[in-house]
Amino acid sequence: MVYRMLAVDIDGTLLHSNNKLDRRTKEAIEFVKSKDVYVSLVTERHYHSAMKIAKALKLNTVMITQNGAFIASSIDKPLYENRLNPELVNELVESLEQYDCHVRVSHERFSVGNRVRQKNELIAKMTIGIGDPLFYPVTFVDSLGDYLLENSIAPTKVDVHFFDQEEQETALEKIRKDYPQVAVSLSGEECEIVAMGASKAKGVQLLANQLGLSQEEIVAIGDSNADREMITRAGLGVAMKNAPAEVRKVADWVTRSNDQNGVSYMVREVFRKQLRMQI
């Protein structure tokens, strides 16, 4: 099979656990590009943060960001955007702020979150890496609900970090029951909420359609439950060794972990013998 597109997740896949991009991974992406394979980053990150990685990889292709809710090669001209209704966001935040959690409303240009009274190291864990303040303005307020009443926002995603597992389960059960307009994905203590219809898998399909490619011509690689559908739909679905068991189970192939340069290993094995093809 000739593969003409590589859809690759960022965190836990491209990046090591220390959030660094290895030289061998950069070389692997260059190698794939030399085969005229279209490379797209597919991530839960916001556009500016994903663009930082794209520049390091010398990519100027369409990126699927915010878990598929914002797809673009230019922030001013998105190929696709699926926003949460401002009134719905107000209700969601009001409901979430009844629990012990940090809530962040994420727009592609900025983010607003509620302040939490927790240990310093826990605050750092929540905020570092999500906001990227140098590239993406982040505002913290005492009451996110009050802020949204005065400032109407139609975000692409709402991020929630719960401090208590029981509260997390109760809150998510309520959200799924009361708000069928949204899709909820969970990774550990982190919860991501997007408008129904937005997902990494649907984003990859939309981009493939734009490029005139079939799902069979796509290699998709990721490490989280948010990547699971993308992996199952692709012609070759690859899971990282560090992915949860349920994700590894549905993959066609499991590569090495992100700290063992799993992406570059997969690229060598899959694309080494493939001839140059033009899209």
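Reader: Which residues does Ser 95 touch, not counting residues up to four places away in sequence?

Author: Ser 95 touches Lys 174 and Tyr 179, where contact means heavy atoms within 4.5 Å. Ser 95 itself lies in helix H4. Before we go on, note that this is a predicted model, in which local features need pLDDT of at least 70, side-chain atom pairs count only at pLDDT 80 or more, and totals for chains, interfaces and linings use all residues. Residues are numbered from 1 along each chain as its sequence is written, and side-chain values use heavy atoms, with hydrogens and water left out.

Reader: Is Ser 95 buried or exposed?

Author: Buried means under 20% relative accessible area, exposed means over 50%, and partly exposed is in between (1.4 Å probe, protein chains only). Ser 95 counts as buried because its relative accessibility is 7%.

Reader: And where is Leu 84 found?

Author: Look in the loop between strand E5 (80-81) and helix H4 (86-96). Helices (H or I, at least four residues) and strands (E, at least two) are DSSP runs, numbered from the N terminus. Leu 84 has 2% relative accessibility, so this residue counts as buried. Among the residues that Leu 84 touches are Val 89, Pro 155, Val 182 and Val 194. Leu 84 and Val 194 are 110 residues apart in sequence, yet 6.8 Å apart in space, C-alpha to C-alpha.

Reader: How do I read a sheet, and in what order do the strands of the open sheet come here?

Author: Strands of a sheet pair through backbone hydrogen bonds, either parallel or antiparallel. Two strands pair if DSSP finds at least two bridges between them. Here, 5 strands form an open sheet with parallel pairing, in the order E2-E1-E12-E13-E14. Strand E2 (38-41) and strand E14 (253-254) are the edge strands, each pairing on one side only. E2 and strand E1 (residues 5-8) pair in the parallel sense over 4 bridges. To find one of these pairs of residues, look at Val 8, whose bridge partner in E2 is Leu 41.

Reader: Which strands does helix H8 lie across?

Author: Helix H8 (residues 200-211) lies across E1, E2 and strand E12 (218-222), and runs at about 160° to E1. For such angles, axes are lines fitted to C-alpha atoms, for helices over the stretch in contact, and the angles run from 0 to 180 degrees between N-to-C directions. Helix H11 (residues 262-271) lies across E1, E12, strand E13 (236-239) and E14, running at about 160° to E12.

Reader: What is a salt bridge, and how many are there?

Author: A salt bridge is a side-chain nitrogen of Lys or Arg within 4 Å of a carboxyl oxygen of Asp or Glu. By this rule the count is 16. One of them joins Arg 4 and Glu 217, with the closest N and O atoms 3.3 Å apart. This pair links distant parts of the chain, 213 residues apart: Arg 4 is in the segment before E1, and Glu 217 is in the loop between H8 and E12.

Reader: Why does Arg 4 count as buried?

Author: Arg 4 counts as buried because its relative accessibility is 18%.

Reader: What ties Lys 200 to Glu 44?

Author: A salt bridge does, and its closest N and O atoms are 3.5 Å apart. Lys 200 lies in helix H8 and Glu 44 in the loop between E2 and helix H3 (47-56), so the pair ties together parts that are 156 residues apart in sequence.
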